[in-house]
Amino acid sequence: MTRTIRETFAMSRREIMNDPQFDWARNRPTRRWLVAAYVALALSAATLFGLSVGLRNLWLLGAFCVLTPGFFFIIGSINASVRGLTEIRTNELDEWQIARRDAMYRVCWWPALAIMTAACFLAAMTDVPDGLKAGIAMGAFFIALCLPAIALAWTLPEEPEA
Amino acid sequence: MTATLVRPAPSRLTRRTRRLIVVGAAAASLAALACVALLPPGSLAVSIAKLTAALGSLIGFGVVMTRSSVWFLGNAPDTALDERERTIRDRAYFKAYGVFAGLAIVTAFYMLDLGPDLGLWVPTNYDAWWAIVWGFVMLGLGLPAGFVAWDLPDPVPDFEP
């Protein structure tokens, strides 16, 4: 079943995230490949950003911008693969989904805080080169921001057969 | 850390009082950070402000971490809590994550783009950066327990025959 973009935007987030068109992303191996792709993309983007700052090279900054659509695709696919657990409103999720989501945010809180604190200390308090600071801060930001979603995608069990 | 501590007695504070304390603590922290970041470095005033902020943070966290049932609820291991308490705690972390991530994005956008473009204040010296980084660390330590304090319902009054 195909939809126009207009029809897709008319759907609620819950409908989009539970749409059968994303069934390809919902098995565990695919979810884990998406997580690996996200981490690789985040590290690549952070490296390009750091190099562009360190070398003052606009081409590298352009390459960083070229990667941006990849983020939209992979983050969207990861969200759809977990049926939008991290972005649908609480009152649109069932009890099991809410419990899994909240528990994962708690599990991810301290690792994310440690990653961000280390990156901020490095960026604000040390004399390492600006490019390295920028790259590490950007990488930490990408990882910490999406940590609950990628952790859910990695750990959720296989959905039961319909 | 909380696994080795004795569970404090349940809080007798009403929700309204707890919320006032959370708002007061946040306002005091912001005021201390503003003093450290904005006062001229090296002055007596900034030294006193730094010392007060550091002592206030240490004593405040020391008291809260050892005596507060709200802190215990926010940081205790699963085995020390019942299902209702785990639900409240996990929801507090969900909210805290959203607030913290939102603040980080807004702060980064302000410091990298908006502040310099509009000629607004941005951190330039070591003291200002120190204040901001420590502000986020303190926020990270206290925010989940703050949301637990905010969300917990009023205590059930004692039964009087």
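This is a predicted model: local features need pLDDT of at least 70, side-chain atom pairs count only at pLDDT 80 or more; totals for chains, interfaces and linings use all residues.
Reader: Which residues of H5(A) are buried, and what covers them?

Author: The buried residues are A:Ile74, A:Ile78, A:Asn79, A:Ala80 and A:Ser81. Their cover includes three helices of chain A, namely H2 (13-17), H3 (28-55) and H7.

Reader: Let's take H7(A), then. At what angle do H5(A) and H7(A) pack, and how far apart are their axes?

Author: For a pair of helices, look at the angle and the distance together. H5 (residues 68-81) and H7 (residues 130-155) of chain A pack at about 55°, and their axes are 9 Å apart. An angle between 35 and 65 degrees counts as oblique, so H5(A) is oblique to H7(A).

Reader: Is the crossing left-handed or right-handed, and which residues make the contact?

Author: H5(A) passes H7(A) in a left-handed crossing. From H5(A), the contact uses A:Ile75, A:Ile78, A:Asn79 and A:Ser81, while H7(A) brings A:Cys146, A:Ala149, A:Ile150 and A:Ala153. Six of the contact residues are nonpolar, two are polar and none is charged. Notice that A:Ile78, A:Asn79 and A:Ser81 take part in this contact and are also on the buried list.

Reader: Now for the other chain. What pattern does chain B follow along the sequence?

Author: Chain B reads α-α-α-α-α, with five helices and zero strands. Its C-alpha trace spans about 65 × 35 × 30 Å along the principal axes. Of its 161 residues, 21% count as buried. Among contacts in chain B with a separation of 6 or more, 71% come from residues 24 or more positions apart.

Reader: How many residues of chain B are in contact with chain A, and which helix of chain B gives the most?

Author: 15 residues of chain B are in contact with 15 residues of chain A. On the chain B side, helices H4 (83-118) and H5 (126-151) each supply at least two residues. H4(B) gives the most, with nine. By class, this side of chain B has eleven nonpolar, one polar and three charged residues.

Note on methods: Residues are numbered from 1 along each chain as its sequence is written. Chains are lettered from A and ligands numbered from 1 in the order in which they are written. Axes are lines fitted to C-alpha atoms, for helices over the stretch in contact, and angles run from 0 to 180 degrees between N-to-C directions. Helices (H or I, at least four residues) and strands (E, at least two) are DSSP runs, numbered from the N terminus. Angles under 35 degrees count as roughly parallel, over 145 as roughly antiparallel, 65 to 115 as roughly perpendicular and the rest as oblique. A crossing is left-handed if the near helix is turned anticlockwise from the far one by less than a right angle, and right-handed if clockwise. Two residues are in contact if their C-beta atoms, placed from the backbone, lie within 7 Å. Ala, Val, Leu, Ile, Met, Phe, Trp, Tyr, Cys and Pro count as nonpolar, Asp, Glu, Lys and Arg as charged, and the others, Gly among them, as polar. A residue is buried if 20 or more other C-beta atoms lie within 10 Å of its own, exposed if 12 or fewer, and partly exposed in between; C-beta atoms are placed from the backbone.
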